Amino acid sequence: MSERLVGRDTVLATARAALDDALAGTTQLLLVTGEPGIGKSAVLGRVAAEAAERGCTVLRATCWDGGAPPYWPWIQVLRGVPAAALGPAAEIVAGPGNGATPGADAADSRFRLFDATAALVTRLSGDAGLVVVLDDLQWADDASLRLLEFLARHLGTARVLLLGAYRELGAGLAGLAQVLPLRGLDEAGVAAVMTAVAGPRPDRELARKVWRRSGGNPLFVRELTRLVQAGAGDVVPESVRDILLSRLARLSQPCAELLAVAAVCGRVVRPELLGRLTDAGADVLEEATTARVLTRTGEGLLFSHDLYRETLLEELTAGRRAALHAAAGHALVELRAAGVPVPASEVAAQFLAAGPQSAADAARACALAGAESARRTAHADAAGHYRDALAALDLGAGGPDLPERRQLLADLATALDHAGRTDESRATYRALAELARRLGDPVALAGAALGLHGLGFRSGGVADDHIRLLTEAADALPPDARVLRSRVRTALARDLCQRPEPATERAVAVVREARALAEEADDGETLTLALLAQHDITWRPGSATDRLAIIADMTAAADRADDPDLVAQAVLLRATALLELGDPDGRAQLHAYTRLADGLGHARGRWGARSRRATLALVDGRVDDAIAHAAAALELGVLIGQPDAQAVHATMLLSLGLVRPMAPAGPLIELDPADPVAPMRPMLRAAVLLAAGEQELARAEFRGFAVGTVPQPTYLEMLALAAATAAAVGSTEQREQAHARLAAFAGQHVVVGGCASYSGAVDHHLGMLCAALGRSADATAHLRAALAQYDRLGAPVWAEHARAELDRLSAAPDRVFHRDGPVWTIEYEGRQVLLPHSKGLADLAALLAAPHSEVHASELLGRPVAATGADPVLDDTARRAYRARIAQLDTAIAEAATDAEAKRHETERAELVRAVTAAAGLGRRPRRLGDDAERARKAVTARIHDAVDRILTAHPELGLHLRATVHTGTYCGYRPVGEVRWRVG
C-alpha cells in the first residue's frame with residue numbers, strides 16, 4: 001500500500017461502497033473533509049485509480065482561489081470530453097456569447113446550462129460508470145457549487161460518483177452528501193510514513209516527537225522526516241510554518257525569489273506570466289520542481305501544496321507583495337491583449353491584492369469580471385465582482401459621486417436580483433436612485449425606479465415608495481425619451497393598482513398615457529407591455545368581453561415586435577377571457593398556448609406549458625393528467641426559480657379538491673401576516689381539510705370566517721372557493737354572504753389568473769349554496785344553467801358533479817326544517833323563513849322527523865322517561881263527585897230562568913271540566929301527584945305551542961298545518977294526512 005494512504009482503510013472501504021452503489025445505478029455524492037495536508041487528495045486519487053481499473057471514465061478538476069473564472073472546476077472536467085460530445089454544455093467551457101444574459105431569462109439560462117450538463121454527465125456514465133473528482137471545493141465559486149448540487153439532486157439512476165474534497169463547505173451541499181472526515185494518523189501510522197519516506201524505521205522516541213509536532217498530519221510527517229533526513233538531527237520545529245520554512249530555507253536564493261513571485265501568481269502559475277515577472281533560468285525552475293515545491297501539470301506550474309504558497313506569501317513584506325501583485329495584474333492585461341485566454345477575474349484578483357495604488361485598474365478589471373460571470377449565469381459571483389469594483393472606486397480619489405458608479409450599481413442590483421438576493425438588490429437600486437438625483441441623471445433614476453418595480457413588493461409602504469420614485473422619474477424624463485417614459489408609466493400604473501387601496505382610476509389614466517407614448521414612438525415591444533398593463537388593470541369579473549378587444553391590439557403589437565414570448569402571453573390571455581365566457585374556443589386557445597410556450601426555447605416557457613396543460617386537463621375532465629402535469633410543473637418551476645411556481649401549484653390543488661377528494665400535498669397553508677392573502681387563511685385551510693375528507697375539522701376551521709372579508713376580486717377564485725366551502729361546512733350566515741357576493745357573476749366561469757387553474761361555473765357554486773340553504777327551486781335553476789354551460793364548454797367532470805347534485809335535489813323533500821347554529825331554516829310550500837333557535841323548534845324538528853309516532857315529553861327534554869308517582873291526583877270517589885256535580889249543572893243551565901243564572905252555572909261547569917281533564921293523561925289515564933311526567937308534559941307543551949305561534953306569524957300556511965297535525969301531552973306526535981317528507985337536521 002502507498003505510504004500516503006497509511007491508516008485510511010476504513011475511509012477507502014466507505015468510498016468503495018459508494019462507488020459500488022453508483023455503478024449499481026444510484027448517483028452518489030461523497031465528500032472527503034479535513035485540514036490541509038491530511039491526505040484528502042490522496043484518498044481521491046486512490047478511489048479514482050480503482051474506478052479506472054474497473055472501467056469507469058474518470059474526469060478530474062482542482063479548484064483554486066486565484067481569481068478563477070466561473071465554473072472553473074467544471075471547465076476542467078469538461079475539457080476531458082471530446083468537443084463533439086459536449087452539446088449545449090460546451091457553454092461552460094466557452095461561455096455564452098458576448099452579450100449579457102437578458103434579465104428575464106437569467107434563471108432559465110442557468111437551468112438550461114445545468115440541465116444540459118446533467119444530460120451530458122448521464123450520457124458519459126453509460127454502462128461503465130463515471131467518476132467526477134473535484135478537489136479543493138472550499139475555493140469553488142458559487143455557480144460551480146450550485147451545479148454540483150443540481151447534479152447530486154437530479155442525476156437519479158445515472159451510474160455516477162461525484163467525489164469531492166474540501167476543508168470547510170456550506171451545510172447546503174454537505175447535507176446532500178456522505179461526508180468522510182479524515183483525522184490525523186496514530187503513532188504507528190506516523191512511524192510507517194517516516195519509514196516509507198526515509199527508509200529505516202525511526203526509533204520510537206523520534207517517531208513519537210514527530211507525531212506530537214505533526215498531529216499525525218501526513219504532509220507534516222513527510223516534511224519533518226525529510227528535515228531529519230537532510231541533517232537536522234532530532235531537532236523538530238515547533239510549528240507547521242517553521243516546518244515549511246525550514247524546508248524552503250534549503251533552496252538557493254534565486255529559487256526562493258522565483259517561488260515568492262510564483263506564490264503571488266496563484267496556486268496554478270502560468271509559465272508565460274512567470275516569464276514576464278522574473279529572469280530566472282530553467283535551472284532555477286528545475287531546482288523548485290526537484291524539491292517538490294512546484295510540479296508541472298497540463299495547466300502550468302502547480303504548488304505541490306497550498307501551505308507552501310501560503311507560507312511564502314506570509315514571508316513577503318506588504319510593500320513587496322503589493323508591487324508584485326500590481327506587476328502581475330499588468331502582465332495579465334498584456335497577455336489578454338495578446339490573445340491569451342486570461343479571465344478578467346484573474347486580473348481583478350491581482351489588482352485588488354495590490355491595494356489602493358491599483359484601485360482604478362482593479363475597478364475596471366472587476367467590472368469586466370462581473371460581466372463575464374453574468375454571461376456565464378454565475379450571478380452570485382458577478383455580484384461579488386461588482387461589489388469589489390465599487391469598493392475599488394471608493395479607494396480612489398474620485399469621491400462617492402463618480403459617474404462610473406451608476407452602471408456598477410445597476411449591474412450589481414441586477415446580479416443580486418438574479419442570484420435571488422432580493423433585499424440586497426432593492427437596497428442597491430435605492431442607492432442608484434440617490435446617486436442619480438445627485439448627478440441629475442433622469443435616465444439612471446428611471447432605471448432605478450424600473451428595477452425596484454421589477455422586484456415587486458408586499459406591503460403598502462413599499463408600494464408607496466415605488467410609486468413616489470416612479471412618479472419622480474416620469475416627471476424628470478425629457479419629452480423625447482418616449483420609450484422610457486412609456487415604460488415608467490406602465491410600471492407606475494401597475495403599482496397604483498397593487499396598493500392596499502388601489503388607485504384604479506389614476507392607473508387607467510396613466511396606462512393610457514403609456515400606450516399613447518408607445519404608439520408615438522412606434523415601438524412594438526413597449527406598446528405590447530403598455531397594453532398588457534392596461535389589460536391587467538381593467539381585469540375584473542365580467543370584463544372578459546372588454547378585455548378581448550385589448551388582447552387583439554396586444555396580439556397585433558406583439559406580432560409587429562416579433563416577440564414570441566409576448567405573442568404567447570397574448571394567446572394565454574385570450575384563452576383566459578374566452579374560458580371565463582364559457583366559449584369552447586378558449587380550450588383551443590389554451591392548447592395553442594401550450595404549443596407556443598413549449599417552442600419558446602427556454603425553461604420558463606416549458607413551465608408555462610406544463611402548468612397550463614394541467615388546467616386544460618382539468619377542464620377536459622382528465623383529472624389524473626391534471627395532477628401529473630401540475631406536479632411536473634412544480635418540479636421544473638422550483639428548479640428554475642419561477643416566482644409563482646408554488647402559488648400556481650397550490651391553486652391547482654385547491655381547484656382539483658373541488659372535483660376529487662385528495663389529501664394535502666404538504667402542511668396546511670401557512671401565510672406570512674404581510675401577505676395580502678393572509679386574511680383568507682381560515683378559508684384556505686378549511687378548503688384543504690374539506691378536500692381531504694376532514695369535514696368536521698374543516699367546519700371548525702371555517703367557523704367564524706367572515707365571507708365579507710374576501711377582497712373585491714380581481715379574479716373570482718377566492719370568492720368561489722369561499723362559496724364552495726360555505727356550502728359544505730358553513731353557517732347560514734356565511735352561505736347567505738357568499739351567495740350575495742357571487743350572484744352578480746352568474747353565467748361566468750371561474751378561471752384563476754392566466755389559466756393557472758379552473759374552478760367551475762359560478763352558477764354551479766350558486767346552486768350548491770342554494771341547496772345548502774334549502775332553496776331547492778333556486779338550486780335546481782342554477783345547477784341546470786351550470787350543466788348547460790359545462791356542456792357547451794366541454795367540461796365533463798364538472799358536468800357530472802352538477803348532474804349528481806341535480807339528481808340529489810330531485811330525490812330530496814321539498815319541506816325543510818334545518819338548524820344551522822343559532823338559526824333555523826324552514827321551507828314549506830315553496831316559501832322559506834329563518835327563525836332564531838328555541839327549544840320548541842327543536843321539539844318540533846324531533847316530531848317532524850318521526851311522523852305518526854308518539855314521543856314522550858321527557859324524551860324531548862332529553863331525560864329518561866319519568867316514573868309515575870304513587871297517588872293519583874283525583875281518587876275514584878272524587879271523580880264520581882265531580883261527574884255528579886257536572887250533571888247537576890247541565891240540568892241547571894237548561895232550566896235557568898235568566899241568562900245571568902245560566903252563565904254562572906256554565907262558569908262553574910267549565911272549571912270542573914278543566915280540573916277533571918288536568919287530572920287525566922293519555923287515553924284518559926289518571927295523573928298522579930308528584931309525577932315527573934306531568935312536569936315534562938307542561939314544559940314541552942308550552943314550548944311547542946310557543947314555537948307554533950312564532951311559525952304562524954312568520955309562515956301562516958305552515959303554522960296552520962302544524963296546529964292541525966301536532967298534538968301535545970305526556971306523549972306528543974305529528975300526524976299529517978298522508979305521507980309527508982321533511983328534511984330535518
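I started with helix α2 (residues 40-53), which lies across β1 (28-33), β2, β3 and β4 (160-166) and runs at about 165 degrees to β4. Ground rules before I go on: this is a predicted model, where local features need pLDDT of at least 70, side-chain atom pairs count only at pLDDT 80 or more, and totals for chains, interfaces and linings use all residues. Residues are numbered from 1 along each chain as its sequence is written, and side-chain values use heavy atoms, with hydrogens and water left out.

My labels are DSSP runs numbered from the N terminus: helices are H or I with at least four residues, strands are E with at least two. For angles I use lines fitted to C-alpha atoms (for helices over the stretch in contact), from 0 to 180 degrees between N-to-C directions. Contact means heavy atoms within 4.5 Å.

Next, helix α7 (residues 142-154): it lies across β1, β3 and β4, at about 145 degrees to β4.

Then the sheet itself. I read it as open, five strands in the order β2-β3-β4-β1-β5, with parallel pairing; two strands pair if DSSP finds at least two bridges between them. β2 (57-62) and β5 (178-181) are the edges with a single partner strand each, so one side of each has no neighbour in the sheet. On average, neighbouring strands here are turned by 15 degrees against each other, direction ignored. I looked up β2 with β3 (residues 130-135) and found six bridges in the parallel sense. L59 has V132 in β3 as its bridge partner.

What does V797 touch, beyond its neighbours within four places in sequence? I get G621, V623 and V659. V797 sits in helix α40 (residues 796-811) and is buried at 11% relative accessible area. My cut-offs are under 20% for buried, over 50% for exposed and partly exposed in between (1.4 Å probe, protein chains only). D620 is 177 residues from V797 in sequence, yet 7.5 Å away C-alpha to C-alpha.

Last, the rings. I have 10 aromatic pairs, counting Phe, Tyr and Trp (its six-membered ring) with centres within 6.5 Å; planes under 30 degrees apart are stacked, over 60 edge-to-face, the rest tilted. W64 and W72 are edge-to-face, with centres 6.4 Å apart and planes at 75 degrees, and both are buried. F817 and W982 are edge-to-face too, at 6.1 Å and 75 degrees. F817 is in strand β11 (residues 816-820) and W982 in the loop between β16 (971-974) and β17 (983-984), so this pair ties together parts 165 residues apart in sequence. F817 is buried at 0% relative accessibility, W982 at 10%. I also noted one aromatic cluster, formed by Y71, F111, F114 and F150.
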